[in-house]
Amino acid sequence: MTLQQWCFSYRGRLGRRDFWIWQIVWLLSMTALFTLAANDLLDNQMAAFGVVCLLWPASAVLVKRLHDRNKRGYWALLLVVAWILLAGNWGVLGAGWHTSLGRFVPALILTGMLCELGLLSGSAGENRYGLATQPVNYFGRRRAAKSPHQ
């Protein structure tokens, strides 16, 4: 898999190693954006633009990882639900609702997705989303094809 396919394509499958590499790249990028914006080295609108630009590759990696687990990409929408629940003002509904809807349900969703995508191995061999996972070729080097005489 090429670097472009890794970041921008929703087709295919992605293994755990490349999923975790993306998570580290994403975390470092977000940390850099928010640190620069907090120190007034980057305008807040530019930092927000950087966050929006990272949405496409983040969703592509997430969907391909779900495909490796033999699940539809629509499962990624659970993260949107978790974000909405975390951002909601549940205090107006009473103390119990704030704890359950605002904290427990999002934590349950995020923990479940982290275990599903980051810890469990993908389905062995071919599944409905393609062949077994291929590692990402980060540096653009072509692998030499093995000759049949070796």
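Visitor: How are helices α2 and α6 oriented relative to each other?

Guide: Please keep in mind that this is a predicted model. The axes of α2 (residues 16–38) and α6 (residues 95–119) cross at roughly 125 degrees and come within 8 Å. The two helices are therefore oblique to each other.

Visitor: Which residues make the contact between α2 and α6?

Guide: On the α2 side they are Arg16, Phe19 and Trp20, and on the α6 side Leu114, Leu117, Gly118 and Leu119. Sorted by class, this contact has five nonpolar residues, one polar and one charged.

Visitor: At what angle do α2 and α3 pack?

Guide: Their angle is about 170 degrees, and their axes lie 9 Å apart. An angle over 145 degrees counts as roughly antiparallel, and α2 and α3 are therefore roughly antiparallel to each other. From α2, the residues Met30, Leu33, Phe34 and Ala37 meet Asn44, Ala47, Gly50 and Val51 of α3. Six residues of this contact are nonpolar and two are polar, with no charged residue.

Visitor: How many residues does the largest nonpolar core have?

Guide: A nonpolar core is a set of buried nonpolar residues joined through their side chains. Here the largest one has 18 residues, and those with the most contacts inside it are Trp6, Trp22, Val61 and Leu117. Two or more residues come from each of α1 (3–8), α2, α4 (55–68) and α6.

Visitor: What does Trp6 touch?

Guide: Setting aside neighbours within four places in sequence, Trp6 is in contact with Met1, Leu14, Asp18, Ile21, Trp22, Ala60, Val61, Lys64, Val136 and Tyr138.

Visitor: Where does Met1 lie, and is Met1 buried or partly exposed?

Guide: Met1 belongs to the segment before α1. Its relative accessibility is 22%, so Met1 counts as partly exposed. Beyond residues up to four places away in sequence, Met1 touches Trp6, Arg13, Leu14, Lys64, Gln134, Pro135, Val136 and Asn137.

Visitor: How many disulfides does a search of the whole structure find?

Guide: A disulfide is a covalent bond between the sulfur atoms of two cysteines. The search finds zero disulfides in this structure. For Cys7, the nearest cysteine sulfur is that of Cys53, 12 Å away, whereas a disulfide requires a pair of sulfur atoms within 2.5 Å. Cys7 counts as buried because its relative accessibility is 11%. Cys115, at 33% relative accessibility, counts as partly exposed.

Visitor: What is the phi of Asp40, and where is Asp40 found?

Guide: Asp40 has a positive phi, near 55 degrees, and is a residue other than glycine. Asp40 is found in the loop between α2 and α3 (44–53). With a relative accessible area of 70%, Asp40 is exposed.

Visitor: What is the phi of Asn70?

Guide: Asn70 has a positive phi of about 65 degrees, although it is not a glycine. Asn70 sits in the loop between α4 and α5 (77–87). Because its relative accessibility is 33%, Asn70 counts as partly exposed.

Note on methods: Residues numbered from 1 in each chain as written. Predicted model: local features only at pLDDT ≥ 70, side-chain atom pairs only at ≥ 80, totals over all residues. Heavy atoms only, no water. Axes fitted to C-alpha atoms, helices over the stretch in contact; angles between N-to-C directions. Helix = DSSP H or I, 4+ residues; strand = E, 2+ residues; numbered from the N terminus. Parallel < 35°, antiparallel > 145°, perpendicular 65-115°, else oblique. Contact = heavy atoms within 4.5 Å. Nonpolar A, V, L, I, M, F, W, Y, C, P; charged D, E, K, R; others polar. Core = buried A, V, L, I, M, F, W, Y, C linked by side-chain atoms within 4.5 Å. Buried < 20%, exposed > 50% of the residue type's maximum accessible area, 1.4 Å probe, protein only.
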